[in-house]
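Hello,

I am passing a structure on to you, with some notes on what turned up in it. Please have a look when you get a moment.

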Amino acid sequence: MPPRPTAAPSLFPETPTSNPPATKKTDWINAHCDGGARGNPGPAGYGALIQDNEGTVLAELSEFLGMRTNNYAEYSGLLGCLQYALDHHHPRLRVVSDSELMVKQIQGKYKVNSPDLKPLWQEAKNRIAKLEAFEITHALRHKNKDADRLANEAMDRGMRRGPATGSSSGQPAAPPIIKANPYPTKSEAPPNPYAKADAMLRGFTKDGVVHILGGATLPDGVFVKIIRE
């Protein structure tokens, strides 16, 4: 009787039990984020410090955003933290921000009425939905110093205030303006809230709230003077 043929080697060999697959990242990571604009709107930037659950620094984010508002910069900081977690496969993210408005809008406690913030809020909710767990809390600015520093470094770079570097001619070279990728990329810069600052509007107060007559509205960030008639 001819010898029985041996089976061909498998194209998909089993993984040896001595080498188990890499474990999935399940621990929380923590992010402190901040954003600001000098002038509101003005040269804007955001910063974020991201740490693991043991306090080890994983990343420092610092981006110049161009001419934006404070609230736009705050949302950009949150979106930067969310994207970092998604890109590096961290399914659980805790965020601390000193923007009470943004935190309460993400928590669902405040409505998002601004047409400039609505797409940023929606993009943040879309990214949050891709995580297994997410938490966001508000903290006072003095508890958010690292993120504030990184945001100011971004604004300094954009305004050419960063540290100079040497050049071949021996003269200090001006640092380049760092261009950021705002989130979402299709969002347009908000209008200048000071464009019609000289216009006089009339209104009345009810229950401690000023109601403007004639259906006029004011964008976020405008300072007004109220004179009693």
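How many aromatic pairs does a search of the whole structure find? The search finds 0, where rings of Phe, Tyr and Trp (its six-membered ring) pair if their centres lie within 6.5 Å.

Before the rest, a word on the basis. This is a predicted model, in which local features need pLDDT of at least 70 and side-chain atom pairs count only at pLDDT 80 or more, while totals for chains, interfaces and linings use all residues. Residues are numbered from 1 along each chain as its sequence is written, and side-chain values use heavy atoms, leaving out hydrogens and water.

Arg-68 sits over Tyr-72, at 4.2 Å from the ring centre, and Arg-94 over Trp-28, at 4.1 Å.

The disulfide count is 0 (cysteine sulfur atoms within 2.5 Å would qualify). For Cys-33, the nearest cysteine sulfur is that of Cys-81, 4.6 Å away. Cys-33 is buried (under 20% relative accessible area), at 0%, and Cys-81 is buried too, at 1%.

Finally, helix α3 (a DSSP run of H or I, at least four residues) spans residues 118-128, and its buried residues are Leu-120, Trp-121, Ala-124, Arg-127 and Ile-128. They lie on the same side of α3, because they cover an arc of only 125° around the axis, taken from the directions from the helix axis to the C-beta atoms. Among the elements that cover them (heavy atoms within 4.5 Å) are α1 (70-87), α2 (100-106) and β5 (133-138), the last being a strand (E, at least two residues).

Best wishes

Conventions
Rings of Phe, Tyr and Trp (its six-membered ring) pair if their centres lie within 6.5 Å; planes under 30 degrees apart count as stacked, over 60 as edge-to-face and the rest as tilted. A charge sits over a ring if NZ of Lys or CZ of Arg is within 6 Å of the ring centre and within 35 degrees of the ring normal. Buried means under 20% relative accessible area, exposed over 50%, partly exposed in between (1.4 Å probe, protein chains only).
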